[in-house]
Amino acid sequence: MLAHPYQGIFHDANLYALQALARLHPDSLAQDVFLRFGSQDRFTVFSPAYAAAMRLFGVDRAAALLTLLSQLALCAGGWCLARSVMLPKYALLGLVLLIAVPGDYGPGRIFTCVEPFLTPRMGAEALVLLSLAAAFSARRFWCLALLSAAVALHPVMAAAGIAALLAAYVTPHPRLSLALILATAAVVLCAAFALPAEWGRLDADWLTLASQRSPYLFLSFWQLDDWSRAAVALTILIVGSFTLKLRARLLCRTAALTMIGGFVLTWAACDWLHLTLFTQMQPWRWQWLGTLAAALSLPLIVIVNWHRGAAGRASALLLTSAWIFGVSEFAIIACLTALLSLAFGRLRPREQRLVFWGSCAVLGLALLWRIGSNLDFTDVHYMDASLPLWLRRVMSFSHDGFAPGALLCLVVWVTRIPRKPIASRCCAVIGIATIVVVLPFTWQGWTQQEFPQLKIERFAAWRQAVAPGEDVFWGESPLSTWVLLNRPSYISGLQTSGIIFSRQSALELERRALKLREFIGPPTFLSWDYVGAHLSLTPEELKGICGLAAFDYLVTGADLGMQPVAVLDRLKLYRCAAQARAAAAAT
């Protein structure tokens with residue numbers, strides 16, 4: 001409730017809402033530039049299911065319901081996977097940590113494993129986790145069935161599951177491993193030199209647009225924080241591969257190999273050869289599986305190492321320190337020392353004790369650094385202003401997983417005190433009281449509606465005024481163009497995020513951005529550094545782009561000094577073609 005508050009139709013949820021709405025209004029929204037030339041919607045069964053839920057419950061309630069179901073499915077998948085490789089008490093600790101941490105991965109934390117908005121990614125993640133749990137339990141039919149369902153839901157996320165199964169069952173056999181490497185190399189070379197441009201290599205124009213709008217697709221654009229975040233998860237998995245046993249070790253080794261394989265394939269196929277299909281598949285995103293596996297395994301790894309003497313305790317403390325640092329050069333240093341700690345067992349007892357106390361100092365430094373970072377910068381000002389300030393502060397401190405993780409450690413320590421049942425009862429009372437206090441605000445967040453049916457019905461006259469298929473520019477809210485008007489959006493930062501999935505779409509979006517360059521700089525739509533989902537333009541800029549007649553209609557709350565086609569509350573609908581003709585007649 002605190003670490004993953006529902007954010008409504010936000011981030012990529014906007015585009016998945018568009019894809020579902022296009023199923024309900026194909027005569028108009030199928031002409032949107034994001035969909036017209038092809039998009040990832042061609043490869044998923046999610047949109048029809050989402051559209052059916054919209055028809056039954058409305059836009060907002062369908063999004064909230066499917067988000068909740070996806071989060072519950074991910075928790076179930078995490079539990080089943082953890083339970084298939086470890087005892088219930090350790091699986092429960094891993095699941096709690098998985099829920100507590102944000103699970104961010106990718107440049108600028110662009111993606112997170114537990115998402116507070118609706119996409120098919122969480123559903124695919126859940127199916128992959130269940131598939132791996134079935135594989136580790138020798139249930140091959142369910143493994144393949146669940147993995148097939150994940151592919152149908154989100155092929156990019158499901159690819160991590162395919163890679164993980166290959167890593168689990170092929171890499172132990174040297175000959176099969178060599179055959180797999182050669183086959184992968186053959187596919188990459190074939191894609192590079194034998195396939196047409198649409199499926200082969202990105203041409204110069206398309207590559208330029210993709211690298212400017214979505215630099216996270218290429219490892220060469222990643223920053224230190226991005227690599228340190230991946231290094232923490234990978235270090236946890238590597239340590240687990242050496243210190244755990246049986247299937248728990250297999251899980252860590254499989255997830256680690258999947259992450260490494262994804263990065264290597266991204267470097268070779270995307271950064272070096274610029275292959276279209278592989279760039280669209282984004283193998284680096286296999287990192288999500290390593291991030292989840294690291295969270296599930298970390299409590300067991302720490303406990304096992306803690307019982308290995310001073311050297312093992314040093315490893316546990318250093319791993320915990322790396323997780324607390326999370327990002328920055330401090331996380332990298334903690335990861336390197338945690339890997340070196342695997343050899344601490346060869347040290348003399350006195351040297352091991354010195355290393356242990358040094359690890360304690362590193363942990364103390366990590367704690368101070370994390371607390372100082374949270375106090376220096378919080379997300380309070382970026383959260384729903386209707387929530388009480390104290391709740392926003394608590395949510396901000398809970399977001400990075402540090403505070404929930406610390407509470408988890410405290411609860412585990414308190415409940416393990418012998419002959420002190422009162423401690424467990426106090427923890428239970430505090431937990432129930434916290435839920436009672438937070439639940440009303442959580443319920444408010446999950447049930448709020450940005451687009452209630454009454455509001456949609458009020459725009460019926462506008463939908464009659466704008467013919468199906470005519471482009472509308474609503475800079476303040478592209479989503480409203482799709483939900484309230486059921487009409488294509490001319491251009492927005494949301495639509496340009498799909499540039500990599502269609503060359504035609506990429507070039508058309510560039511043409512549209514250049515068409516408006518007299519009043520809006522093209523980087524506003526085409527550059528990762530400047531793009532935004534919502535634009536705040538002056539009345540002069542809005543009137544200027546309307547006068548270009550690049551699109552049919554414009555919606556804004558500003559007064560442009562000309563006669564609108566329709567007015568509803570503070571919003572005005574202007575016909576830009578008529579404005580352009582009037583300007584031409586005046587000159």
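**Ground rules.** I worked on a predicted model, in which local features need pLDDT of at least 70, side-chain atom pairs count only at pLDDT 80 or more, and totals for chains, interfaces and linings use all residues. Numbering starts from 1 along each chain as its sequence is written, and side-chain values rest on heavy atoms, with hydrogens and water left out.

**Disulfide.** I looked for cysteine sulfur pairs within 2.5 Å, the cut-off for a disulfide, and the structure holds one. The partners are C546 and C576, with their sulfur atoms 2.3 Å apart. C546 sits in helix α28 (residues 539-547) and C576 in helix α29 (residues 576-586), so the link ties together parts that are 30 residues apart in sequence. Helices here are DSSP runs of H or I with at least four residues, strands are runs of E with at least two, and both are numbered from the N terminus. I read -110° about the S-S bond of C546 and C576, which is left-handed.

I then checked burial, where buried means under 20% relative accessible area, exposed means over 50%, and partly exposed lies in between (1.4 Å probe, protein chains only). C546 and C576 are both buried. In α28, the buried residues include L542, G544 and I545 as well as C546.

I looked up C80 and found it partly exposed, with a relative accessible area of 32%. C335 is buried, at 3%.

**Nonpolar patch.** I noted a nonpolar surface patch of about 570 Å², made by L56, F57, L65, L68, L69 and L72. Patch residues have over 30% relative accessible area and no salt bridge; nonpolar side chains (Val, Leu, Ile, Met, Phe, Trp, Tyr) are joined within 5 Å, like charges within 9 Å. A salt bridge is a side-chain nitrogen of Lys or Arg within 4 Å of a carboxyl oxygen of Asp or Glu. The accessible areas come from the Shrake-Rupley method with a 1.4 Å probe. Helices α4 (46-57) and α5 (59-85) each give two or more residues to the patch. The largest share, four residues, comes from α5, and L72 is found in that helix.

**Positive phi.** Most residues other than glycine have a negative phi, so I listed exceptions. R109 has a positive phi of about 55° and is placed in the loop between β1 (104-105) and β2 (111-112). R109 is partly exposed, at 37% relative accessible area. A138 has a phi near 65° and is found in the loop between α7 (121-136) and α8 (140-153). At 65% relative accessibility, A138 counts as exposed. A549, which follows α28, also has a positive phi, near 60°.

**Cavity.** I found two cavities of 30 Å³ or more. A cavity is a set of points, on a 1 Å grid over the protein atoms alone, where a 1.4 Å probe fits but cannot get out; lining residues have an atom within 4 Å of a point. Points are joined across faces, edges and corners, and the volume is the space filled by probe spheres set on them. I followed up the second largest cavity, which has about 30 Å³ of space. Its lining is L132, F136, L251, T254, A255, L289 and A293. Helices α7, α13 (246-272) and α15 (287-306) each supply at least two residues of this lining, and α13 has the largest share, three residues.

Note on methods
On a 1 Å grid over the protein atoms alone, a cavity is a set of points where a 1.4 Å probe fits but cannot get out, and a pocket is an open set with protein on both sides within 12 Å along at least five of seven lines; lining residues have an atom within 4 Å of a point.
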